Amino acid sequence: MSEAVIHNGHHDHHDHKPYGIGRWLFSTNHKDIGTMYLVFALIMFFVGGAMAMVIRAELFQPGLQFVNPLFFNSMTTIHALVMIFGAVMPAGVGLANWMIPMMIGSPDMALPRLNNMSFWILPFAFTLLLSTFFMPGGAPAGGWTMYPPLVLQLGDGFPFLIFAIHFLGISSILGAINIIATVFNMRAPGMTFMKLPLFVWTWIITAFLLIATMPVLAGSVTMLLTDKFFGTSFFSAAGGGDPVMFQHVFWFFGHPEVYILILPAFGIVSQIIPAFARKPLFGYESMVYATASIAFLSFFVWAHHMFTVGMPLTGELFFMYATMSIAVPTGVKIFNWVATMWKGSMTFETPMLFAVSFVVLFSIGGFTGLMMGITPVDFQYHDTYFIVAHFHYVLVPGAIFALMAGVYFWLPKWTGHMYDERLGKIHFWLSAIFVNMLFFPQHFLGLAGMPRRIPDYNVQFTEWNMVSSIGGFAFGLSQLILVWVVIKCVRGGQKATDQVWEGAHGLEWTLPSPPPFHSFTTPPQVTDATAHS
Amino acid sequence: MSESHSAYFIPEPSRWPIVGTLALFVSFIGGAIMLNGSGFGTFILGLGAGAIIYLFSGWFSDVICESIRGSYNRQVDTSFRWGMSWFIFSEVMFFAAFFGALFYARIYSVPWIGGEGAKLPTHEFLWPMFEAIWPLMTTPDATIEGGTTAYNQIKEVIPAWGVPAVNTLILLSSGVTVTLAHWSLKKNNRKGLCWWLFATVVLGFLFVTLQATEYAHAYHELGLKLSSGIYGSTFFMLTGFHGFHVTMGATMLTVILARSIKGHFTHENHFAFEAVAWYWHFVDVVWLGLFIFVYWL
């Protein structure tokens, strides 16, 4: 641990790195930790994706084909938990780890050891969660939302589920604290808040959402634990509690959580569109305020997830109007992205393709969200495939497309090599076509009344389910191209320049590609010329 | 790496994060196996808890050594301050979840089961004899004649103006004594620092002891238990998590006291002291919320 001793022999090494397994296990380097986050997220993306394939295979035809209903429900439950906590969130944190120190001109994150712990918790937390598949009673099958009393019927896996959630919460809180400390305290001289790249802004706001809501999730699952094992009656009316109370506490976390998933995606898209439109971001300040407004409002809309639960009418109305109001700042953002492209000299490299399709397809998800925000209409859509289509539109061609855009955008910076543009474009077009084939028919299925989380369905739903399943398998297979592109790019390729993209501006593009092990060893001076745009 | 970055401090690779992860992992596995009814789990949980203690002493002794060696600059100090403040905020939100449960039960679920508003049929059909009162002494399922109840019925609750009021005084005084200790430290008065800290630690553990006797009283004489319906659930979860935080805080204060006696901290460089003092004020404020909403109103 002694810096002095380690340093005596290493003065001549300009950029020495720790080596072996220890480099990763004990890392205090934001780039190494960022890489681990991204690799972990990619692995979990395929784990969660494999579960989605089981779901789509079972739903290819009516009747029970491949798995029993309990296992099917485990698949939907664990698919959600893996994708949310294992793929999208870690991918966002991985990008934050890699990019924030470089964007604000610091050598590393503010609290590097904490950073390491935030990452390493993840594989162990998922070991707890996924081990439940091999336990009496099986894996959680009551939906990722863990509603009581159903979730309390889970077998030996129950405490493992709860502790996995606690563990993941600890990781998120530590990570969020680190991001806040980094941005507030490690900015280079001259890097004022209103010069921060938008990706950094969206991440600060996301970090606040994490710190405010993860402890509430921890509290709600703790109450589940005590209801099951210690005789409390939080969620039992016989003892004066209420199962609906869990839904309130859970969604107080759950709704900000969806912005935790999407705000970093907004940030990525806000970096990429100006770069490829070769124009500064339109309405930078309004983007900051819109992001903050979305985050603020997200604390007052949670009960739109439970319109059909039997709330008092005033509650239904309040949450309906509050939900509608989020469309305003979101509209500002969509408008600004489009206005940034307006009369820009655009080119469509892979990151831009993903970013533009994000704007279009995320908006579709946003509109279906508005539809369900209308209380009386939601009574029709609730718990059908319409909601499944809605949140997959905002999460897959929404959050995940933005994350992929970010990976393609920054991959040359990380590796020092250009990725294979032709393969990238093939990956994009296959993904964009099949993601729509996968999820668009689910709107029709939902409107026609097909319920979610059921392994069997009425024969009238067969055709669109088949289309959706074929789209699903093709989309899943297309993602293997991403893996190939990344491996190829890490191993070699055309040398990337420091700036990489003609229209890219900001501190991260002033560093060499790949950047040195510690990004900025002395603070750079930030002027208007080196700021984001 | 500190000399290659004159302006920055980056810690060397450290084994503590992975040790911490493993310690928590082992504890969670042990806890889960224990809850599933195997005594073996308790043993594993014990191992995990031991590992957590090892982790804290090891990680913090590294940090203390670095601090004493002068590796930290003002920027690191500020990072620690941001870190601790937002950690405390996350703790506030953890308590908010349980306060939310308390308010929900008092404002909504209990009156609804008692027949208020649109939920009249629930009352009529399930528990027509149930009366919505707070504290909820008799759980709904116990109001059916000849039926069985899953919950302990309460004979009496703990009144606010007995021991809880004394405890309020104790915690508020401890907030004063820790501030006096801080003032002494800033004036380089080592003796004052140690004695006021000692007083804070004594008050802290006195609070925990009084809470423990109250718990024993509630369990043995009042029929007030964790399993006494929603009143017992909210009462013990809120005061229990608070008591746990006071115990942690008092333990941290004890460490700070030991370090003060050893001569650690200077009048301008003593963030560890301040962090623990912040934490102590936080448990103090949470207690005020508990005293008002759990005991008093």
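Student: What share of the contacts in chain B with a separation of 6 or more is due to residues 24 or more positions apart?

Tutor: The model is predicted. In chain B, residues 24 or more positions apart account for 68% of the contacts with a separation of 6 or more. Of the 297 residues of this chain, 50% count as buried. The C-alpha atoms of chain B fill a box of roughly 75 × 40 × 35 Å along the principal axes.

Student: What makes up the secondary structure of chain B?

Tutor: Chain B has eight helices and zero strands. Read from the N terminus, its elements run α-α-α-α-α-α-α-α.

Student: How are helix H6 and helix H7 of chain B known to be roughly parallel or antiparallel?

Tutor: The axes of H6 (residues 190–222) and H7 (residues 229–262) of chain B cross at roughly 155 degrees and come within 9 Å. Angles over 145 degrees count as roughly antiparallel, and H6(B) is therefore roughly antiparallel to H7(B). The crossing of H6(B) and H7(B) is left-handed.

Student: How is chain B divided into domains?

Tutor: Domain 1 of chain B covers 1–72, and domain 2 covers 73–297. Nine residues from domain 1 of chain B and eight residues from domain 2 of chain B take part in the contact. The centres of the two domains, taken over C-alpha atoms, are separated by 26 Å.

Student: Why is the largest nonpolar core said to lie between domain 1 and domain 2 of chain B?

Tutor: The largest nonpolar core has 276 residues, and those touching the most other members include A:Phe85, A:Leu224, A:Trp337 and B:Phe273. Helix H4 (residues 69–104) of chain A gives the largest share of this core, 22 residues. Domain 1 and domain 2 of chain B both give residues to this core, so the core lies between them.

Student: Which residues are in contact with A:Leu224, leaving aside its neighbours within four places in sequence?

Tutor: With those neighbours left aside, the contacts of A:Leu224 are A:Met146, A:Pro148, A:Val151, A:Leu152, A:Phe158, A:Ile162, A:Phe235 and A:Phe246.

Notes: Residues are numbered from 1 along each chain as its sequence is written. Chains are lettered from A and ligands numbered from 1 in the order in which they are written. This is a predicted model: local features need pLDDT of at least 70, side-chain atom pairs count only at pLDDT 80 or more; totals for chains, interfaces and linings use all residues. Side-chain values use heavy atoms; hydrogens and water are left out. A nonpolar core is a set of buried Ala, Val, Leu, Ile, Met, Phe, Trp, Tyr and Cys residues joined through side-chain atoms within 4.5 Å. Buried means under 20% relative accessible area, exposed over 50%, partly exposed in between (1.4 Å probe, protein chains only). Helices (H or I, at least four residues) and strands (E, at least two) are DSSP runs, numbered from the N terminus. Domain bounds come from an automatic or database domain assignment. Contact means heavy atoms within 4.5 Å. Axes are lines fitted to C-alpha atoms, for helices over the stretch in contact, and angles run from 0 to 180 degrees between N-to-C directions. Angles under 35 degrees count as roughly parallel, over 145 as roughly antiparallel, 65 to 115 as roughly perpendicular and the rest as oblique. A crossing is left-handed if the near helix is turned anticlockwise from the far one by less than a right angle, and right-handed if clockwise.
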